[in-house]
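Please keep the model open as you read.

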Amino acid sequence: MSTLSRLESGRRRPTLDLLIPLARAHRVALDQLVTAPATGDPRVHLKPRRRERGSVLVPLTQYPGRVQVFKQVLSHREPRLVTHAGYAWLYVLAGRLRLILGEREITLQPGEVAEFDTGEPHWFGPADAEAVEIPHLFGPHGDQAVVRTGPTSNAEGHPRRQAGPS
């Protein structure tokens, strides 16, 4: 009988020697495996943070060390390229987003998405005088968003399923 089976059935107690490799194998934080089940109100109580010149940052998650999700309303500011460890994913809800990645500059319209390694010099903000509204996911350890898609058509127009995790 496998170790996992004995753990699941309660015939073996988990130790750090078992939990650490298990957490690594599943790419989750160790505390996700050992925390008590959530009780009470599961809602995240939003606390908007005002930023420079009318920009607002609203954290939508409250679990440090994992992928963080923010809603941002960005007002005009001068570009200043930064680098840091991690991976970012942006989706434009309203307005036009100017994204600078190294030497490249891209303007995203509502409904467009960008993702990039934040180790590359980058900056994002409004493309013009109007504010831009985005949800922003940030993985501090290079975690990336996983996009799952539904059925699509192949070149002949026949439906096919996209491969990927379910």
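## Ground rules

Two strands pair if DSSP finds at least two bridges between them. Strands themselves are DSSP runs of E with at least two residues, numbered from the N terminus. The model is predicted, so local features need pLDDT of at least 70 and side-chain atom pairs count only at pLDDT 80 or more, while totals for chains, interfaces and linings use all residues. Residues are numbered from 1 along each chain as its sequence is written, and side-chain values use heavy atoms, with hydrogens and water left out.

The open sheet here has 3 strands in the order β6-β5-β8, with antiparallel pairing. Its edge strands, β6 (104-108) and β8, each pair on one side only. On average, neighbouring strands of this sheet are turned by 15° against each other, direction ignored (axes are lines fitted to C-alpha atoms, and angles run from 0 to 180 degrees between N-to-C directions).

## β9 and its partners

Strand β9 is mostly covered, with 6 of its 8 residues buried; buried means under 20% relative accessible area, found with a 1.4 Å probe on protein chains only. β9 pairs with β3 in the antiparallel sense over 7 bridges, and Val69 has Leu137 of β9 as its bridge partner. β4 (residues 87-91) also pairs with β9 in the antiparallel sense, over 4 bridges, and here Ala88 stands opposite Phe138.

## A buried serine

Ser55 sits in the loop between β1 (49-50) and β2. Is Ser55 buried or exposed? Ser55 counts as buried because its relative accessibility is 3%. Its side chain reaches the backbone nitrogen of Ser75 at 2.9 Å.

## The largest pocket

A pocket is an open set of points on a 1 Å grid over the protein atoms alone, where a 1.4 Å probe fits, with protein on both sides within 12 Å along at least five of seven lines; lining residues have an atom within 4 Å of a point. The largest pocket holds about 600 Å³ of space, where volume is the space filled by probe spheres set on the points.

Its lining has 20 residues, and Gln72, Leu74, Arg77, Val82 and Phe124 lie nearest the centre. Elements giving two or more residues to this lining are β2 (56-59), β3 (68-74), β8 (122-126) and β9 (132-139).

Note on methods:
Buried < 20%, exposed > 50% of the residue type's maximum accessible area, 1.4 Å probe, protein only. Polar contact = N/O pair within 3.5 Å; in protein donor to acceptor, adjacent residues only side chain to side chain.
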